[in-house]
Amino acid sequence: MEGDLNMLVWSGGRERTEDDFRALLGAAGLSLTTTTEVVPGYHLVEAEPAP
């Protein structure tokens with residue numbers, strides 16, 4: 001939780017859903033390939049150039 005608050009206060013960031021990442025990556029010409037939970041609540045997001 002502390003990390004979430006720091007992210008919001010210091011960088012104006014926010015938590016994103018998988019659909020949010022798909023849209024964000026799509027706008028950058030990428031497509032989401034996989035997400036992997038590394039520790040509870042934290043995920044690694046992998047992307048590649050969109051076809």
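1. A point of terminology comes before the rest: helices are DSSP runs of H or I with at least four residues, strands are runs of E with at least two, and both are numbered from the N terminus. On this basis, Arg22 and Glu18 lie four residues apart in helix α2 (residues 18-27), and therefore about one helical turn separates them.

2. The coordinates come from a predicted model. The mean pLDDT of the protein is 87, and 86% of the residues reach at least 70. Among the elements, β1 has the highest mean value, 96, whereas α1 has the lowest, 71.

3. As to the overall arrangement, the protein contains two helices and two strands. Read from the N terminus, their order is α-α-β-β. Of the 51 residues, 4% are buried. The accessible surface amounts to about 4200 Å², and carbon and sulfur atoms contribute 59% of this area. Among contacts with a separation of 6 or more, 2% join residues 24 or more positions apart.

4. Which residue forms a salt bridge with Glu18? The partner is Arg22, with 2.7 Å between the closest N and O atoms. This distance meets the criterion, because a salt bridge requires a side-chain nitrogen of Lys or Arg within 4 Å of a carboxyl oxygen of Asp or Glu. The count for the model is one salt bridge. In general, side chains of opposite charge can pair when their charged atoms come close. Both partners are partly exposed: Arg22 has a relative accessibility of 39%, and Glu18 has a relative accessible area of 38%.

5. Strand β1 (residues 30-39) and strand β2 (residues 42-49) run antiparallel and are joined by eight bridges. Leu30 is placed opposite Pro49 in β2, and Ser31 has Glu48 of β2 as its bridge partner. The strands form a hairpin with two residues between them. In the turn, Gly41 has a positive phi of about 90°.

6. Helix α2 also contains Gly26. Is this residue, Gly26, buried or partly exposed? Gly26 counts as partly exposed, since its relative accessible area is 42%, and the partly exposed class lies between under 20% for buried and over 50% for exposed. The C-alpha atoms of Gly26 and Ala50 are 7.5 Å apart, although 24 residues separate the two along the chain.

7. A further surface feature should be noted. Leu5, Leu8, Val9 and Trp10 form a nonpolar patch there, and their accessible area together is about 500 Å². Leu8 belongs to helix α1 (residues 2-11) and is classed as partly exposed because its relative accessibility is 46%.

Methods: Residues numbered from 1 in each chain as written. Predicted model: local features only at pLDDT ≥ 70, side-chain atom pairs only at ≥ 80, totals over all residues. Heavy atoms only, no water. Patch = residues over 30% accessible without salt bridge, like charges linked within 9 Å, V, L, I, M, F, W, Y side chains within 5 Å. Areas by Shrake-Rupley, 256 points an atom, 1.4 Å probe, with all protein chains shown as cover. Buried < 20%, exposed > 50% of the residue type's maximum accessible area, 1.4 Å probe, protein only. Contact = heavy atoms within 4.5 Å. Pairing = 2+ DSSP bridges. pLDDT = per-residue confidence, 0-100.
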